[in-house]
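I opened the file with the sequence beside it and kept notes in the order in which I looked things up. The entries are below.

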Amino acid sequence: MLDVRAGDVGKLELLFDRHHRALFRYFLHLTSNRAVSEDLVQEVFFRILKYRHTYQPGTRFYPWMFQVGRNVYMDRAGRHKAEVAMPERGWDVRSTDMPPDRQAQSRQEAALLRRALAAMPAEKREVIVMSRFLDLKYEEIASILKCEVGAVKVRVYRAMRELSDRFFALCGEQAS
Amino acid sequence: MNCERIREQIPECLAGRLGDAARERLVAHLETCPACRAELAELNAVWRGMASLPEPEPDPAMRTRFLEVLEAYQAGRTSGLGMQVGNPPRGWWPARPVWQPVLALALLLLGVFLGRYVAQPRGADPDIARLQGQVEGLRQLVTLSLLQEQSPSSRLRGVTYSYQMAQPDTQVEQALLYAVDHDSSVNVRLSAVDALEKYAADARIRRALADAVAVQDSPLVQIALVDLLVQLNDKEAAPALRRLAQDAQADAQVRQHAAWAIQRMEVSQ
């Protein structure tokens with residue numbers, strides 16, 4: 001990123017190749033819409049290009065990228081308040097070497113978990129995604145969300161608690 | 001340590017990020033507290049379950065679109081916008097300072113000689129002028145059609161393409177002003193603000209830019225507009241900036257930035 005900041009903007013291609021998938025998944029968890037998520041990724045990298053001088057040398061690019069990503073998402077969410085995130089079809093469970101019956105059960109559980117996650121309030125879903133899927137440290141999440149590390153700890157726990165309640169409630173509905 | 005504090009550490013423990021001392025305290029507590037053990041088991045099931053969620057791949061075309069935008073941006077930077085400043089031409093230009101004035105003088109004399117004895121005065125060639133007009137018309141057409149595309153990436157290319165127009169063009173400036181006020185993509189709006197700098201000698205454009213500050217819903221675009229107005233040192237924009245600095249509905253950073261802009265303009269008076 002230092003090279004990009006110094007004007008060698010072609011190097012942004014490397015950063016795109018390295019990180020666009022993680023960014024895409026972050027947006028997909030927030031919007032549940034592939035096309036919108038792809039559009040948001042484009043916007044993030046364009047904004048990085050345009051505001052490359054605001055990157056602080058010596059800091060990690062990865063959390064900074066999510067900081068930019070969050071701003072892009074908030075801008076969009078502000079303009080599309082009426083849009084409700086609806087989970088898209090087509091996410092399937094990762095293939096494993098499990099026996100077929102166990103695979104079917106696992107697929108069902110994954111579908112319920114995904115429904116539970118999609119039904120969470122956006123701000124709670126976001127902290128789970130950041131801590132579980134994006135491999136961000138609590139300090140980095142705190143800098144992205146502009147809050148204290150202690151607050152992140154509490155938010156992640158409460159979000160996990162709620163996700164767990166929603167998931168087991170769905171399992172109960174399924175069983176009855 | 002009470003149960004609530006312990007439970008707040010469970011996700012961090014599941015992620016493998018809890019420090020040794022904190023983990024030992026957690027384990028010691030779990031040995032004596034069945035309720036927290038049950039909590040750990042439940043959250044662990046959900047945490048592990050998330051590992052089986054799929055990791056969808058983005059469409060490979062996304063990369064192609066990004067590279068197009070990057071190329072268009074690079075082309076825009078190098079097409080004479082004055083963004084590359086200062087580096088002397090390399091290769092034929094002597095590295096040693098002592099030879100530089102000598103070469104400069106030689107080039108000056110050569111220029112005077114060629115101008116006086118070689119170049120013949122002549123009127124503008126009508127064919128060349130017509131051709132230049134056609135190229136300019138084509139650029140205008142491409143810019144306007146790209147600015148009306150559905151995809152934000154294409155509209156960005158349209159804005160970038162507008163840089164290549166040698167002469168200000170009313171239709172293009174109107175399309176760029178429309179993009180600043182109405183485009184759904186913040187990036188397109190930001191780029192259009194930058195592109196309009198070229199047209200800002202016209203007082204109507206400066207007034208439209210000042211008016212656009214108030215109607216923007218994006219703080220980033222508002223800040224970019226304020227920066228441009230400061231750069232243009234447009235005194236007529238001061239009332240609009242004052243209103244923005246006092247607008248309680250506006251973003252706090254934008255208000256601060258507008259106040260800073262007013263001060264800056266007053267200092268430069």
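**Entry 1: helix α4 of chain B**

I looked for the buried positions of α4(B) and found E39(B), L40(B), L43(B), V46(B) and W47(B). The model is predicted, and I read every entry here with that in mind. Looking down the axis of α4(B), I see its buried residues within an arc of 135°, so they line one face of the helix. I then turned to the face that points away from the buried side, where P34(B), A38(B), A41(B) and R48(B) are exposed.

I also checked the length of α4(B), which covers residues 34-49. Its 16 residues should span 22 Å at 1.5 Å a residue, and because the end C-alpha atoms lie 22 Å apart, I note agreement.

**Entry 2: α9 and α11 of chain B**

How do the axes of α9(B) and α11(B) cross, and within what distance do they come? For α9(B) (residues 170-182) and α11(B) (residues 203-215), I have the axes coming within 10 Å and crossing at roughly 15°. Angles under 35 degrees count as roughly parallel, and α9(B) and α11(B) are therefore roughly parallel to each other. I recorded the hand of their crossing as right-handed.

I listed the residues at which the two helices meet. From α9(B) they are E173(B), L177(B), V180(B) and D181(B), and from α11(B) they are I205(B), A208(B), A212(B) and V215(B).

**Entry 3: where the chains touch**

I counted 39 residues of chain B in contact with 44 residues of chain A. On the chain B side, the elements that give two or more residues are α1 (3-8), α2 (10-14), α4, α5 (61-77), α8 (152-162) and α10 (186-196). I find that α5(B) gives the most to this side, with eight residues. The helix of my first entry, α4(B), is also among the elements that give two or more.

**Entry 4: each chain as a whole**

For chain A I have eight helices and zero strands. Of its 176 residues, 35% are buried. Among the contacts in chain A with a separation of 6 or more, 67% are between residues 24 or more positions apart.

For chain B I have 14 helices, again with zero strands. Buried residues are 29% of its 269 residues. Of the chain B contacts with a separation of 6 or more, I put 58% down to residues 24 or more positions apart.

Technical notes:
Residues are numbered from 1 along each chain as its sequence is written. Chains are lettered from A and ligands numbered from 1 in the order in which they are written. This is a predicted model: local features need pLDDT of at least 70, side-chain atom pairs count only at pLDDT 80 or more; totals for chains, interfaces and linings use all residues. Helices (H or I, at least four residues) and strands (E, at least two) are DSSP runs, numbered from the N terminus. The expected span of a helix is 1.5 Å times one less than its number of residues. A residue is buried if 20 or more other C-beta atoms lie within 10 Å of its own, exposed if 12 or fewer, and partly exposed in between; C-beta atoms are placed from the backbone. The arc is that of the directions from the helix axis to the C-beta atoms. Two residues are in contact if their C-beta atoms, placed from the backbone, lie within 7 Å. Axes are lines fitted to C-alpha atoms, for helices over the stretch in contact, and angles run from 0 to 180 degrees between N-to-C directions. Angles under 35 degrees count as roughly parallel, over 145 as roughly antiparallel, 65 to 115 as roughly perpendicular and the rest as oblique. A crossing is left-handed if the near helix is turned anticlockwise from the far one by less than a right angle, and right-handed if clockwise.
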